[in-house]
Amino acid sequence: LTLERPLAHTHLGEEFAVAHDLTGAPTKVEYRAEVGLLSRNIVVQGDGDSNNCVSTPGTPGKFSCARFGAVLMAHSPGHESAVVRLDGVEFRNVGQGFKLGRYPINFHWIGQVKRSFVANCAVHHSFNRGIGMNGVYGLRVENNVLFHILGHGIFIEDGIEEYNAILGNLVLLTKQQVNGAPSDMNPAGILVTNPKNHVRDNAVADSDGSGILFAIVAKPKEGHSTCWRCLPQVIPALGFKGNSAHGNAQLGFSINGYWPSAVVKFSQSHFWRNLAGGAQVGKVMHCQFDQFTLSDNLGSGFAIGDSTGGKWGDTALQNSLLVQSVDRIAFATRFKNMLNCRPCQQVGTGFALPGSHRFVTSGVVFVNYTAFPAADRPEEWAWLTEHSPSATEHLGDKAFKPWSALAPSGKGGDG
């Protein structure tokens, strides 16, 4: 790929090595971008006025003024009563705005769908979410690319859904949807309401909301899935591993209100350059976060509110790497107006401590959490000199408040 002119903004395309002596913790920070192909030979597309609306930086590409796009809904009550196998299909100008359930691809109240799958497809410029699972279990959603989606990208909707597999998908640019469901104003690339599903090897970037959101419901709706009598908040998760989220307006990963009956692991995932924070955990128990890499987040790398309950060590952050930033000068340049302490605004912290006890950290590496400029880094003092006096009202003439490795979460028992 050859560029005709310089890029307007810095784009990291590197892998950074981090040397340390702790066995088990990650030793690298990956910043190379994901690449997704939107075109397919088989195309399902929306209405004919798609060329009438003008593209803007906030809405790239062509899209429908009426937000009345194509919809594929599978709805046939009874296990395996509908079989849908989508492989290598492009869905564009799809979904119908402001209408509940009118999503581009929607599996609705079928029950068991182990014979169905959505694989290697592209869904882009959707006016109402992306790929929906509602009242189904056993569906495989794998290796799909979603781009420019109004509302949630891939989502498990009601909380009765179990044994579905969300694997290796790329979700980019999920945007706020007004007049939709309230949660679409904080859209997630991947939304999970029942943890008894597989979520592995997915990547989410540039969401108006969070990357991967576990919004576990207290009690799901009744239906003909096996879970209408279950309580998702206490069901052990089937697997969360190898996921990443970056460049999101809120959090990379978030989970709250989860107390599984046995210890579960969330592992080998990377959350970086998210504005509100890397990973935020509210009220949880029996959750172990293992081999997480959290880097360059404006808020805390990892924050937890309440871990009361269970044995010591049942809830833990372990074998993980927290990096304030791989380039401290670049971080300071991006957020220099937030680095002063008048009034204090803590940014770029490592681990926000819980408001309760019984949470354990083990084998966690902290990198670059020192005051800026550091006494032994003349290039950082040179940066401060270069940005004065115009930046003096923000930066002062001495080191900023330290980018602390540890800080109070401020959430206490509220999660």
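Visitor: How many aromatic pairs does a search of the whole structure find?

Guide: The search of the whole structure finds 21 aromatic pairs, where rings of Phe, Tyr and Trp (its six-membered ring) pair if their centres lie within 6.5 Å, and planes under 30 degrees apart count as stacked, over 60 as edge-to-face and the rest as tilted. This is a predicted model, in which local features need pLDDT of at least 70 and side-chain atom pairs count only at pLDDT 80 or more, while totals for chains, interfaces and linings use all residues. Residues are numbered from 1 along each chain as its sequence is written, and side-chain values use heavy atoms, with hydrogens and water left out.

Visitor: Why is the pair of Tyr31 and Trp272 called edge-to-face?

Guide: The ring centres of Tyr31 and Trp272 are 4.5 Å apart and their planes stand at 85°, so the pair is edge-to-face. The pair links distant parts of the chain, 241 residues apart, with Tyr31 in the loop between strand 2 (28–30) and strand 3 (42–45) and Trp272 in strand 24 (residues 270–272); strands here are DSSP runs (E, at least two residues), numbered from the N terminus.

Visitor: What makes Tyr31 count as buried?

Guide: Buried means under 20% relative accessible area, with exposed over 50% and partly exposed in between (1.4 Å probe, protein chains only). Tyr31 has 0% relative accessibility and therefore counts as buried, and Trp272, at 8%, also counts as buried.

Visitor: Which angle between the planes goes with the edge-to-face pair of Phe214 and Phe253?

Guide: The planes of Phe214 and Phe253 are 70° apart, and the distance is 5.9 Å centre to centre. Because Phe214 lies in strand 19 (residues 212–215) and Phe253 in strand 22 (residues 251–256), the pair ties together parts that are 39 residues apart in sequence. Phe214 and Phe253 are both buried, and they belong to one aromatic cluster that includes Phe240, Phe266 and Phe271.

Visitor: How far from the ring centre of Phe155 does Arg129 lie?

Guide: Arg129 lies over the face of Phe155 at 4.7 Å from the ring centre, where a charge sits over a ring if NZ of Lys or CZ of Arg is within 6 Å of the ring centre and within 35 degrees of the ring normal. The charged end of Arg140 sits over the ring of Phe117, 4.8 Å from its centre.

Visitor: Why does Asn243 count as buried?

Guide: Asn243 has 1% relative accessibility and therefore counts as buried; its place is in the loop between strand 20 (239–241) and strand 21 (244–246).

Notes
Helices (H or I, at least four residues) and strands (E, at least two) are DSSP runs, numbered from the N terminus.
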